[in-house]
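Let's take a walk through a protein model together. Have the sequence and the 3D view open as you read.

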Amino acid sequence: MSTAEAAPATLRIGRWRGIPRRLASLWRHSLQFRTVLITLALSGLAILVIGLYISFSVASNLFQTQLDQVLGSSNNATAAAQRILNPSDASDQAAMQSLMDSTVKIVQSSSGSSLIGVYRAPEQDPSTIAPLGSIAPGLEAVLTDELRERVQENPGGQFWQSVALDDGAGGTDPGVVVGSDLQVPGAGRYELYIGYDFADAQQTLDQMQATGVVGAIALLALLAVVTLLVVRWVIEPIRTAAMTSRRLAAGDLGVRMPEKGEDELATLAASFNGMADSLQARIRELAELSVVQQRFVSDVSHELRTPLTTIRLAGDVLYGQRDDFPGPTARTVELLHTQTDRFEQLLADLLEISRYDAGSVELATEPTNLVHLAGDAIESMHELAQERGSELRLDAPGGHLDAQVDPRRIRRIVRNLLGNAIEHGEGRPIVIAVDSNEQAVALSVRDYGLGMSEEEQSHVFDRFWRADPSRTRTIGGTGLGLAISLEDAVAHGGALDLWSRPGVGTVFRLTIPRKAGGEFAESPLPLAPVDPEAVGPGAPNTVTTDTKSLGVPDA
């Protein structure tokens with residue numbers, strides 16, 4: 001076969017092989033298909049069981065009727081033959097043979113069958129005048145020794161046996177052979193066998209079964225059409241409801257189901273439309289409340305800037321002269337300066353959150369090296385980490401090319417993650433890892449501190465949330481850092497993932513696409529550490545970047 005001939009054959013095989021897959025998909029996705037198929041399957045099973053029962057019952061009754069007829073016919077033929085034989089006074093072999101031939105003809109005439117067999121019963125005294133037996137060719141092949149023994153052992157009885165008779169065309173027809181005996185005066189006892197062909201009865205049964213099969217197929221087809229129409233009538237509103245709900249979920253709040261009639265389906269449509277109206281009103285109310293909230297936060301943040309600036313200027317004057325004040329007053333001025341800084345940072349975070357809520361954030365992207373950016377963040381927070389007793393380490397295995405990001409926002413993410421690690425790191429080392437692949441760059445921050453439970457991890461990015469409300473923030477956080485970091489990551493088309501275990505530590509991993517608007521299949525850095533039970537850094541097969549070359553002071 002040539003390549004040109006093989007290609008269409010391959011396509012045909014592929015199409016046939018795809019049919020089960022398409023049927024399985026249709027079964028999973030179409031309630032109408034499942035309903036029709038199940039109805040046809042159960043109906044077909046019921047029709048098959050009933051049809052088999054009727055077929056076997058009719059076949060049994062037809063056979064019994066035919067058997068009763070042939071037994072009666074055989075009994076009449078045997079009696080007619082015996083009546084001819086009883087008054088016979090034949091005394092020589094020729095007369096006896098003529099008498100036997102006449103008897104066979106009588107049997108054929110009375111029974112209506114040409115399959116006649118006559119045998120002289122064994123274990124009788126030899127006789128020179130006893131006529132020879134004869135048997136029709138079609139009967140000799142099916143006459144069994146079992147039937148002959150029963151006839152020989154039961155004089156005067158009638159016995160039958162089912163047989164397959166040759167139809168003359170290479171096939172067989174069902175039939176029976178009936179055996180009895182005759183008493184021939186002067187010659188002794190003879191076995192008489194008559195074969196009956198049930199071909200006509202079998203033909204009648206075949207026609208009835210064929211009619212039943214055609215009727216069953218027609219009934220199944222009618223059931224399929226009726227079921228399809230009924231199911232379509234019932235399922236169409238359900239399909240409309242599903243389509244309407246999908247449009248509602250997609251944001252088309254004005255879509256509604258048509259209401260027709262006063263039945264259960266109309267009640268379903270009315271209930272669905274009422275739910276949609278309520279949902280639309282609720283969403284509109286929430287949207288208005290959200291706008292009011294965003295405007296309130298933005299307005300309050302802006303309005304607070306003027307008095308905050310005044311407080312800031314006055315505080316800076318006092319802070320610059322704190323050495324001239326008595327001890328308690330100097331400490332009060334330092335506290336005022338610190339809390340003013342925190343208040344200013346809180347206002348900035350609130351403004352940033354309000355921008356995200358309003359959807360008005362725009363990224364100022366530029367080629368940025370995350371290794372250098374992480375080094376700058378480490379340098380800026382080195383003193384704070386040193387105060388808490390934590391050592392900051394930067395692990396950069398290599399392959400760190402520039403990425404199109406907003407450096408201000410990425411730097412803010414790193415600072416927030418570092419601040420969180422220092423806050424909860426219990427004075428243990430903190431490892432910042434940076435790596436990249438063809439599609440994405442990743443940065444992770446790992447501490448070996450308190451860790452979090454699964455319940456706490458589910459709330460870690462919530463605004464103003466703290467795992468332990470009784471624990472105060474010791475490094476001046478606003479409670480919005482991780483929430484803003486997540487928004488910054490999502491704005492870059494990236495992800496901020498979390499791994500944590502109580503008493504072991506926490507890993508935050510930032511992954512962003514290398515190009516603005518790009519996508520990535522997997523992060524260059526693993527989320528779960530290879531040494532989750534470790535109490536400090538010690539990752540093998542990594543190259544630790546010299547933090548001095550990045551301008552980071554020694555820890």
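What follows goes from the whole chain to a few of its parts.

Before we set off, some ground rules: this is a predicted model, so local features need pLDDT of at least 70 and side-chain atom pairs count only at pLDDT 80 or more, while totals for chains, interfaces and linings use all residues. Residues are numbered from 1 along each chain as its sequence is written, and side-chain values use heavy atoms, with hydrogens and water left out.

Start with the overview. The protein chain holds 12 helices and 12 strands; both are DSSP runs numbered from the N terminus, with helices (H or I) having at least four residues and strands (E) at least two. Of the 555 residues in the protein chain, 35% are buried. Here buried means under 20% relative accessible area, exposed means over 50%, and partly exposed is in between (1.4 Å probe, protein chains only). Now take the contacts in the protein chain between residues at least 6 apart in sequence: 67% of them join residues at least 24 apart. A contact, by the way, means heavy atoms within 4.5 Å.

One spot to look for is a nonpolar surface patch with about 780 Å² of accessible area together, whose members include Leu 31, Val 226, Trp 233 and Leu 268. Patches are built from residues with over 30% relative accessible area and no salt bridge, joining like charges within 9 Å and nonpolar side chains (Val, Leu, Ile, Met, Phe, Trp, Tyr) within 5 Å. Which helix gives the most to the nonpolar patch? That is helix H6 (residues 199-249), with 7 residues. Trp 233 has its place in helix H6, and it counts as exposed because its relative accessibility is 57%.

For a contrast, head to strand S9 (residues 430-436). There 7 of the 7 residues are buried, so the strand is largely enclosed by the rest of the structure. In a regular strand, side chains alternate between the two faces of the sheet. As for neighbours, strand S7 (residues 392-395) runs parallel to S9, joined to it by 4 bridges. S9 also pairs with strand S10 (residues 440-447), in the antiparallel sense over 7 bridges. Pairing requires DSSP to find at least two bridges between two strands. S9 and S10 make a hairpin with 3 residues between them. Val 431 is a handy landmark: Arg 393 stands opposite it on one strand, and Arg 446 in S10 stands opposite it on another.

Next comes an open sheet of 5 strands, in the order S2-S1-S5-S4-S3 with antiparallel pairing. Strand S2 (134-135) and strand S3 (159-166) stand at the edges with a single partner strand each, so one side of each has no neighbour in the sheet. Within the sheet, strand S4 (residues 172-184) and strand S5 (residues 188-197) pair in the antiparallel sense over 10 bridges, and Gly 175 stands opposite Asp 197 in S5.

Finally, the charged pairs. A salt bridge is a side-chain nitrogen of Lys or Arg within 4 Å of a carboxyl oxygen of Asp or Glu, and by this rule there are 10 salt bridges. One joins Asp 277 and Arg 256, with the closest N and O atoms 2.5 Å apart. Asp 277 lies in helix H7 (residues 264-320) and Arg 256 in the loop between H6 and H7, so the pair ties together parts that are 21 residues apart in sequence. Asp 277 is partly exposed, with a relative accessible area of 41%, and Arg 256 is partly exposed too, at 24% relative accessibility. Another salt bridge links Asp 406 and Arg 409, with the closest N and O atoms 3.3 Å apart. Asp 406 counts as buried at 4% relative accessibility, and so does Arg 409, at 4%. Both belong to a network of salt bridges that also links Arg 412 and Asp 488.

Conventions: Areas by Shrake-Rupley, 256 points an atom, 1.4 Å probe, with all protein chains shown as cover.
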